[in-house]
Amino acid sequence: MLDLLVQNATLPDGRSGMSIAVQGGRIIEVTAGLDAPAAEKLDAQGLLVAPHFVDPHFHMDATLSYGLPRVNQSGTLLEGIALWGELKPLLTAEALIERALAYCDWAVAKGLLAIRSHVDTSDPSLLAVDALLEVKRRVAPYLDLQLVAFPQDGVLRSPGGVDNLKRALDLGLDVVGGIPHFERTMADGAASVKLLCELAAERGLPVDMHCDESDDPLSRHIETLAFEAQRLGLHGRVTGSHCTSMHSMDNYYVSKLLPLIAEAGVSVIANPLINITLQGRHDSYPKRRGMTRVPELMAQGVNVAFGHDCVMDPWYGMGSGDMLEVAHMGLHVAQMTSQRGIRQCFDAVTVNAAKVFGLDGYGLETGCDASFVLLQARDPVEAIRLRATRLKVYRKGRLLAETPAATAALHLADRPAATAWMHPKN
Ligand code: FE2
């Protein structure tokens, strides 16, 4: 007898009438029209069943701290960093853990079951590192949390930056981070990329660096990152996050840069919600969008994922852990409005993000973990358009969260009694 049998599901690739058989937390069969005895049966009624969402770029140490100790007035990245600096001496482990756990609750309810979070290693007490390692332990039964050692104040610029980062890695963080554009000079930024990639190579760790998060067309750290990835044989283990300066770079230079990124096997993470709000703040009009070149990177064969980055923190006062909102903003800012482009944006918050994360057992194939979401939508395009309700969220075959379907009762003569905003197609 099966533990769980999902029937009449539509999958992201368009197959409909599909059954997913689950035993021991894993998918043991995906086929059309299967019926078999099962402890639990779920009729998907033709709706979309997708692998769970993955956020490849987040800052969980700062989340839900909006307004502490004050709100970012200029809306810039730099004021956000300064504001976070004001908040850090006031942080307590208890409050940080409580906020992070609350965010993880939001995430699970939205079908977001894997999060890569950067954690600031600049404070010599490593309070945030210890706190998020505790959160990682506590959420492990229901959410995969991966932690990046992130020297927010600059690994070279801040006193003891290298030592603090190494001590954080010794405590068990998973990934080496960096912020070369925040070092004092372009040369220091490049030196930090080299140093951090060498550290990652020595320790056998992946790299995920905030890279060129500015509107400066001459910021070149993604180039250095790709070069170091290749030089040190880190193919497939390196990610450049944000990369917003690429938006403003010269087209000739970009035509040379993109193949380097692709050849080096470097993934790129865009954070559409955050960079559409943080970037372009020094412009009058026209204001630059400040998101990296997503369709061009994808066309070059680069793995591109979308991250949420921030929710209610010194940089961003919005957000709810909804990766469909991230995909929705991403497709608008990148003008990826074709059906293919929209589906690529869905991939950017699911399969592409899982690739960045290095998640084993991800997907809807035989042998994968039975970790999936039933959405109130019939395909990925409709899911993004509606930021569709996550009707049911399963992890390894266990039901973690349910949300009632979104419907509106109508009081209109001669019209249907209710609507759920779904296109009236067959
Ligand atoms: Fe970030």
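This is a predicted model: local features need pLDDT of at least 70, side-chain atom pairs count only at pLDDT 80 or more; totals for chains, interfaces and linings use all residues.
User: What radius of gyration does the protein have, and what would a compact globule have?
Analyst: The chain trace spans about 65 × 45 × 45 Å along its principal axes. For 426 residues, a compact globule would have a radius of gyration near 22 Å. The protein agrees with that, at 22 Å.

User: How many helices and strands are there, and what percentage of the residues count as buried?
Analyst: The secondary structure comes to 13 helices and 18 strands. Buried here means under 20% relative accessible area. Of the 426 residues, the part that counts as buried is 56%.

User: What percentage of the contacts with a separation of 6 or more comes from residues 24 or more positions apart?
Analyst: Take the contacts in the protein with a separation of 6 or more. Residues 24 or more positions apart account for 75%.

User: How many positive and negative side chains are there, and how far apart are the centres of the two sets?
Analyst: The protein has 39 positive side chains and 49 negative ones.

User: Which residues are the protein donors of the iron ion, and how are they spaced in sequence?
Analyst: The donors lie 2.2 to 2.7 Å from the iron ion. In sequence, the donor residues are spaced H-x1-H-x150-H-x31-H-x66-D.

User: Are His57 and His59 buried or exposed?
Analyst: As for cover, both residues are buried.

User: Where is His242, and what does it touch beyond four places in sequence?
Analyst: His242 is in strand β11, residues 238–242. At 1% relative accessibility, it counts as buried. Its C-alpha is 5.7 Å from that of Glu213, 29 residues apart in sequence. Beyond four places in sequence, His242 touches His57, His210, Cys211, Glu213, Ile269, Asn271, Asn275, Thr292 and Asp309.

User: Which residues of helix α1 are buried, and what does their cover include?
Analyst: Helix α1 covers residues 77–87. Its buried residues are Leu77, Glu79, Gly80, Ile81, Leu83, Trp84 and Leu87. What covers them includes β7 (112–120) and α8 (272–278).

User: What is omega for the peptide bond from Tyr285 to Pro286?
Analyst: Pro286 lies in the loop between α8 and α9 (294–299). The bond from Tyr285 to Pro286 is cis, with omega near 0°.

User: What is phi of Leu126, and is the residue buried or exposed?
Analyst: Most residues other than glycine have a negative phi. Leu126 has a positive value, near 55°. The residue lies in the loop between β7 and α3 (127–139). With a relative accessible area of 2%, Leu126 is buried.

User: Where is Asp212, and what is its phi?
Analyst: Asp212 is found in the loop between β10 (207–211) and α6 (221–231). At 0% relative accessibility, it counts as buried. It is not a glycine, yet its phi is positive, at about 55°.

User: Which residues is Val175 in contact with beyond four places in sequence?
Analyst: Val175 is in strand β9, residues 175–176. Its relative accessible area is 0%, so it is buried. The C-alpha atoms of Val175 and Met209 are separated by 9.4 Å. Beyond four places in sequence, Val175 is in contact with Arg116, Gln146, Leu147, Val148, Ala149, Leu169, Pro206, Val207 and Asp208.

User: How far is Thr419 from Leu112 in space, C-alpha to C-alpha?
Analyst: Thr419 is found in strand β18, residues 418–419. At 29% relative accessibility, Thr419 counts as partly exposed. Thr419 and Leu112 are 307 residues apart in sequence. In space, C-alpha to C-alpha, they are apart by 26 Å.

Technical notes: Residues are numbered from 1 along each chain as its sequence is written. Side-chain values use heavy atoms; hydrogens and water are left out. Helices (H or I, at least four residues) and strands (E, at least two) are DSSP runs, numbered from the N terminus. The radius of gyration is taken over C-alpha atoms; the globule rule is 2.2 Å times the number of residues to the power 0.38. Buried means under 20% relative accessible area, exposed over 50%, partly exposed in between (1.4 Å probe, protein chains only). Contact means heavy atoms within 4.5 Å. Lys and Arg count as positive and Asp and Glu as negative; His and the chain ends are not counted. The place of a charge is taken as NZ of Lys, CZ of Arg, CG of Asp or CD of Glu. Donors are N, O and S atoms within 2.8 Å of the metal (3.2 Å for Na, K and Ca); water is not among the atoms, so sites may look incomplete.
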